[in-house]
Every structure is written in structure tokens, then in C-alpha cells.
Amino acid sequence: MRTRHPRQWTASLVIATVAGAAAGCGGGPEPAGGPPVRTAADSRQPSVDERAAEQAALTAYAGYLDASREASRAGDPRHPALARFLADPLLTRVRVVIDRARRHGAVRTGTLRSDPTVVAVDLAATPPTVDIQDCLDATDYRLVYAKDKRVVPGSGGSRHLATATATRYPDGRWLITAGTAHEDQPC
């Protein structure tokens, strides 16, 4: 008989479906020549292009969270909305985690609250990127067994920091390519 380890796959599910796998929480990207990278600590006014990038990245991030919630609620790792807002490597990680939960008979229910902020914009990077920081409130976002809606032991949510990176693709779309849930950093 296979032993279930809900903490292990629950932690993976929370990390990947809430915020994924991204760059750490460092002080921001280092400029690599060309125009300077604008960060949240920068006092200058953002350019029109930077403001447009920020808005597009935040829209992609909101779409990512919505798509992840829908796919997790349905237990569908191939949910079509995922590919509209995510790209690899995060897309594959989210799909694997949703599939793992589905195989264990679990789905997500409840509410996930988000309060994202753009912390860095680097339009000179190849490809251009926007870094996002979020305070995710997953206290009402539960992993439950689909069969009887019992909460999976050890799957309680928290309020914690999350980071994500949006990347602009050659066709102009901004997709979330990386994300990390920093559950050890409450917000």
C-alpha cells in the first residue's frame, strides 16, 4: 500500500499553484549596461513604456492566479487558461503539482487574496522582465479531498510573501515564467 505524505505534496502544491518557482527575494536585478533598471526604491518617474510593462505584467499575474485557482479547483493540469498566462518553466511546474494533487484525490477550494506590487522593471534585458512582489493570503484557500471535501491534513494556508517574474515574449505577450512562495516570510 502506498503511504500518503500530505505535507510534502501539499507544500509543493501551495508553492507551485500559488506562486511557483522563481528568483529569490534579493534586492532586485543588477543593470547590465544600457538604460538603468527601475526598481521600487527608484524615485524617478517611470517612463510610458515602463508603466505599460508594469500594467501588462500585473494583468498577466492576476490571470496566472485566476487560472491556477480554476485549474486547481477542477484538478485539471491541462486547463487551457494556464497557457494563456504562464510559460515554462513555471507552466510545467504548476501542471505537475496540480496533477500530483489530482492523483492524490485533492483539489483546491476557497479564496486566495492577493496584493501585488511591481518591484523592478528591466526593459533592457533580453527578454524584458518585470519583477512582482505579493502578499498572498491563503488562509481561506484549502486543499481538500475531492470525494468528501475533508481538508487535507497539514495543508493550512498562511499569509506570506510571494515573488514572481513576468517576461515579455517576441509576440508582445507578458507571461509569468517564475514564482516563489516565501512561506517563512509573513506579510
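Strands here are DSSP runs of E with at least two residues, helices are runs of H or I with at least four residues, and both are numbered from the N terminus. Within this pair, Ala162 stands opposite Ala181 of strand 6. The hairpin has 5 residues between its strands, and Gly172 adopts a positive phi near 95 degrees.

## Basis of the model

The structure is a predicted model, in which local features need pLDDT of at least 70 and side-chain atom pairs count only at pLDDT 80 or more, while totals for chains, interfaces and linings use all residues. Residues are numbered from 1 along each chain as its sequence is written, and side-chain values use heavy atoms, with hydrogens and water left out.

## Overall architecture

The protein chain contains 4 helices and 6 strands, which follow one another along the sequence in the pattern α-β-α-α-α-β-β-β-β-β. Of its 187 residues, 45% are buried, a term that means under 20% relative accessible area, with exposed set at over 50% and partly exposed in between (1.4 Å probe, protein chains only).

The chain exposes about 9500 Å², of which carbon and sulfur atoms supply 52%; accessible areas come from the Shrake-Rupley method with a 1.4 Å probe. Among contacts between residues at least 6 apart in sequence, 67% join residues at least 24 apart, a contact being heavy atoms within 4.5 Å.

## The disulfide

A search of the whole structure finds 1 disulfide, defined as a pair of cysteine sulfur atoms within 2.5 Å. This disulfide joins Cys135 to Cys187, with an S to S distance of 2.0 Å. Because Cys135 lies in strand 4 (residues 129–145) and Cys187 in the segment after strand 6 (174–186), the pair ties together parts that are 52 residues apart in sequence.

The torsion about the S-S bond of Cys135 and Cys187 is about 90 degrees, and the disulfide is therefore right-handed. Cys135 is buried, with a relative accessible area of 16%, whereas Cys187 is partly exposed at 38% relative accessibility.

## Surroundings of Gly110

Gly110 is placed in strand 2 (residues 106–113) and counts as partly exposed, since its relative accessibility is 39%. Leaving aside neighbours within four places in sequence, Gly110 is in contact with Arg73, Asp140 and Tyr141. The C-alpha atoms of Gly110 and Arg142 are separated by 6.0 Å, although these residues are 32 residues apart along the chain.

Key
Pairing = 2+ DSSP bridges.
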